[in-house]
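Morning, everyone. Please have the model open.

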Amino acid sequence: MPKTVRIPITNVYMNGDYTGRILVGPHHQPMNVILDTGSSAFAVDGRKYHPDTGAGDKTTTIAQTDGYGDGSGWTGAVLKATVAVGDGGSQVAIADANVAVAYEATADMFGSTDGILGLAYAPLDDAYRMPQDTWAHKYTGIEVSHGQAEEIQPYLTQLAGENVVSDIVSFYTKRSFVHVGDGQAANDPLNQGWMIVGGGEEANDLYTGAFQTVKVLADEWYTTNLKAVIVGNTAAIHVPVKGPHGMPSNSIVDSGTNSLNIGRHLLKAIVAKFSPAQQALLNASVFGQSYVSASQLNLANWPDITFVLQGDAGDVRLRVAASDYWQINADKVGQAIAAFSPGQDGLAILGLPLMNGYFTIFDGEADAGRGVIKFATSKR
């Protein structure tokens, strides 16, 4: 019977995005990797992981090159390696996981982390067959992108395929920017959370109440249909169904984005629903890209923002409280930042500020493999 594995996670290494520890290779090297439901490739930083083919790592003729919405990216050689998650009796592992070892990466790709673990669907896990051993030859990103397209399975799919765990991952988080207080940020409980591999509904110590189920429209990203946005008690802002060219929907839910990344047109319409004084603070933070003094904010006077998404059975309303879209004591005690960012028109990337109020389950097995996302109120 498949297991579930609970892994402690933290946001301190990527200043908001969450990371967790996995064990890679024949020597079970601990690697702290970004946990990203907005991508599917699994890559470790080649400056920190050195393959040991004599002990069990296997090189291949497959390579990957990947880029992300913030402009970061990497190119690497795909190995077959042992990868484990969890500790002690709850640990699960597979011997031939697809692991890309990145030998090229932009300066901001990995930050203080050791890699990235994509948790979305196989169609995003682009790989290419090359003429020679890719670790020995180290093809450039351009050369890789002109190789022969090859299908490989993401790590979570491999675990499910071997009946080790189910293709389900859940998150319990509290912040989208690192909280700074009197002590060390790494020890601050606001900067800690949990990821559960293989389940979530059994973790009733982390949530309360019933789950709301959001429909996933395509098995690439965790794509959703955002129908409307409501600020407080104001009239709903209706959102066009059609997403931008090349996207199967108008929104995705993404654990690897530490803001509500919303197209400028819709974001400005949302800001316009606030009072003039509140608009000034939001504009300074969001469009002026500056911190504001927390003393200027009385969060009790700020409205909730409700995102209305298509559910499996009717609309689902997910509330983001002011304490989640404003991050107090971010980078410095006494300052605050609004967790919004202007993005591509027609697309909303609903990141950690949406998830922080909920225990969130990304279930890739439901709905005949298309998946659903389930939200239940977090115990804080």
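Which helix lies across β18 and β24, and at what angle does it run to β18? Helix α4, residues 264–271, lies across the two strands, running at about 110 degrees to β18. Contact here means heavy atoms within 4.5 Å. Axes are lines fitted to C-alpha atoms, for helices over the stretch in contact, and angles run from 0 to 180 degrees between N-to-C directions. Helices (H or I, at least four residues) and strands (E, at least two) are DSSP runs, numbered from the N terminus.

Ground rules, quickly. This is a predicted model, where local features need pLDDT of at least 70 and side-chain atom pairs count only at pLDDT 80 or more, while totals for chains, interfaces and linings use all residues. Residues are numbered from 1 along each chain as its sequence is written, and side-chain values use heavy atoms, with hydrogens and water left out.

Now the sheet. Five strands form an open sheet, ordered β14-β17-β25-β18-β24, with mixed pairing. At the edges are β14 (223–224) and β24 (340–343), each pairing on one side only. Two strands pair if DSSP finds at least two bridges between them. Strand β18, residues 260–263, is joined to β24 by four bridges, and the two run parallel. Glycine 263 stands opposite glycine 343 in β24.

On to the rings. The whole structure holds 13 aromatic pairs. Rings of Phe, Tyr and Trp (its six-membered ring) pair if their centres lie within 6.5 Å; planes under 30 degrees apart are stacked, over 60 edge-to-face, the rest tilted. One of the pairs is phenylalanine 42 with tyrosine 155: tilted, 5.7 Å centre to centre, 50 degrees between the planes. Phenylalanine 42 is in strand β4 (residues 42–45) and tyrosine 155 in helix α3 (residues 155–161), 113 residues apart. Are these two buried or exposed? Phenylalanine 42 is buried at 2% relative accessibility, and tyrosine 155 is buried at 3%. Buried means under 20% relative accessible area, exposed over 50%, partly exposed in between (1.4 Å probe, protein chains only).

Next, tryptophan 302 and tryptophan 326. That pair is edge-to-face, 5.5 Å centre to centre, with 80 degrees between the planes. Tryptophan 302 lies in the loop between β19 (292–293) and β20 (305–311), and tryptophan 326 in strand β22 (residues 326–328), so the pair ties together parts 24 residues apart in sequence. Tryptophan 326 is buried at 0% relative accessibility. Both tryptophans belong to one aromatic cluster: Phe274, Trp302, Tyr325, Trp326 and Phe340.
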